[in-house]
Amino acid sequence: MFSLADYTFMSHALQLAEKGLNTTSPNPRVGCVITCNDQIVGSGWHEKVGQAHAEINALVQAGDAARGATVYVTLEPCSHHGRTPPCADALIKAGVSRVVIAMEDPNPQVLGNGCAALKQAGVSVQTGLLSEQAQALNIGFINRMRSQRPWVRLKVAASLDGKTALNNGQSQWITGEAARIDGHRWRARSCGMMTGIGTILADNARLSVRHIFTSRQPKKIIIDNRLEIPFDALVLQGEQAFIFTTASADTGKITTLEKMGARVIVCKQSDQGRVDLNQMLATLADLEFNEIMVEAGSGLNGALMHAGLVDELIIYMAPSLLGGSAKDMLQLPELTCLDHKISLKIEDVRMVGRDIRLVARL
């Protein structure tokens with residue numbers, strides 16, 4: 001169905017899409033290659049929301065050479081007027097003869113419509129080439145479109161016996177510098193960084209990307225049931241902070257926080273009197289958050305896990321032991337039957353400096 005040349009050019013398109021890993025949010029990461037007689041005449045990727053899509057950048061580079069050409073694109077060309085005009089129309093107008101697509105766009109406004117428009121215009125359309133790789137690039141966008149919630153990635157730095165801090169709270173640093181830098185790479189690709197108020201009060205966490213270059217900082221998400229956040233918290237500086245709380249009566253503090261640039265969102269209470277986590281994630285999806293990285297204490301970690309709201313775990317394990325009285329990664333209810341255990345699928349295990357990085361999905 002697909003030739004060696006097809007695989008080669010789609011692989012190149014995927015590499016281009018990856019260039020937008022940290023910058024396209026909330027849009028998907030997309031790459032495009034245009035060829036004529038198996039020679040690349042144009043290429044591009046979507047660089048930033050509001051700017052031209054990958055297909056348009058590739059068409060501009062190709063110019064008249066796009067007529068009769070083959071197009072390789074990692075996501076179905078859009079067919080609706082969003083922040084930019086439809087890419088499917090631009091491809092048709094350019095006179096391309098064939099479009100090879102890695103995966104259909106899960107956005108209900110697009111799903112299948114881009115392919116249909118191209119076919120109706122007489123363009124040959126093929127889909128499914130290297131689709132798994134394309135899906136991996138946009139796992140958060142896909143999850144938001146299909147499940148109406150962001151992809152939640154829980155990051156933990158722990159000792160080999162699963163401890164994240166001493167009993168007195170000391171935790172800096174369990175893992176080495178290489179692991180910490182690698183963690184910031186995961187931060188950089190995220191739309192938002194999430195933690196609980198306990199981490200803010202204990203560590204005055206900034207939730208920002210450091211140690212590596214990024215042109216875009218993730219937004220900050222704080223779960224603060226009683227709205228305890230102090231006005232001088234570092235997390236309120238820089239990129240906008242979204243504070244989820246149940247403290248609807250504290251209108252004065254809400255007003256002050258919002259004047260400082262934060263957004264306070266009052267949620268309904270869970271059965272435990274805390275922020276309803278399902279409502280919170282649904283709200284974040286409506287706000288176009290694709291990927292969220294959680295760096296929190298064992299309480300929030302455990303609550304998200306117990307509610308079935310964690311999609312992926314990133315665990316950095318240091319070659320050390322902290323002992324039984326140290327703090328655990330997760331606070332979970334006691335199990336009385338092994339059939340109730342939380343099962344994980346290990347996706348990747350590798351050394352990062354002196355530490356082990358384990359990536360697992362539920």
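## Strand 6 and its partners

In this predicted model, Leu154 lies opposite Leu313, a residue of strand 13. Strand 6 and strand 13 run parallel and are joined by seven bridges. Strand 6 also runs parallel to strand 12 (residues 291-294), and here the two are joined by four bridges. In this second pairing, Trp151 faces Glu291 of strand 12.

Strand 6 is largely enclosed by the rest of the structure, because eight of its nine residues are buried.

Asp311 and Arg149 form a salt bridge through their side chains, with an N to O distance of 3.0 Å. The two residues are 162 residues apart, and the pair links distant parts of the chain. Asp311 belongs to the loop between helix 11 (298-306) and strand 13 (312-318), while Arg149 belongs to the loop between helix 6 (139-147) and strand 6 (151-159).

## Salt bridges within and between elements

The structure holds 18 salt bridges in total. One of them joins the side chains of Arg185 and Asp182, at 3.7 Å from N to O. Both residues lie in helix 7 (residues 177-189), and because they are three residues apart there, about one helical turn separates them. Arg185 is partly exposed at 45% relative accessibility, whereas Asp182 is buried, with a relative accessible area of 9%.

A further salt bridge connects Glu239 and Lys219, whose closest N and O atoms are 3.8 Å apart. This pair, too, links distant parts of the chain, the residues being 20 residues apart. Lys219 is in strand 9 (219-223), and Glu239 is in the loop between strand 9 and strand 10 (241-245). Glu239 counts as partly exposed at 29% relative accessibility, and Lys219 is partly exposed with a relative accessible area of 29%. Elsewhere, salt bridges with shared partners connect Arg29, Arg153, Arg189, Glu291, Glu312 and Arg361 in one network.

## Nonpolar cores

The largest nonpolar core has 39 residues, of which Met10, Ile34, Val96 and Val99 touch the most other members. Two or more residues of this core come from each of helix 1 (4-18), helix 2 (54-62), helix 3 (87-94), helix 4 (113-120) and helix 5 (131-137). Strand 1 (31-36), strand 3 (70-73) and strand 4 (98-101) likewise each give two or more. Helix 1 makes the greatest contribution, with six residues.

Which residues are in contact with Val96, apart from its neighbours within four places in sequence? They are Leu59, Ala66, Gly68, Ala69, Val71, Leu91 and Val123.

Note on methods:
Residues are numbered from 1 along each chain as its sequence is written. This is a predicted model: local features need pLDDT of at least 70, side-chain atom pairs count only at pLDDT 80 or more; totals for chains, interfaces and linings use all residues. Side-chain values use heavy atoms; hydrogens and water are left out. A salt bridge is a side-chain nitrogen of Lys or Arg within 4 Å of a carboxyl oxygen of Asp or Glu. Buried means under 20% relative accessible area, exposed over 50%, partly exposed in between (1.4 Å probe, protein chains only). A nonpolar core is a set of buried Ala, Val, Leu, Ile, Met, Phe, Trp, Tyr and Cys residues joined through side-chain atoms within 4.5 Å. Contact means heavy atoms within 4.5 Å. Two strands pair if DSSP finds at least two bridges between them.
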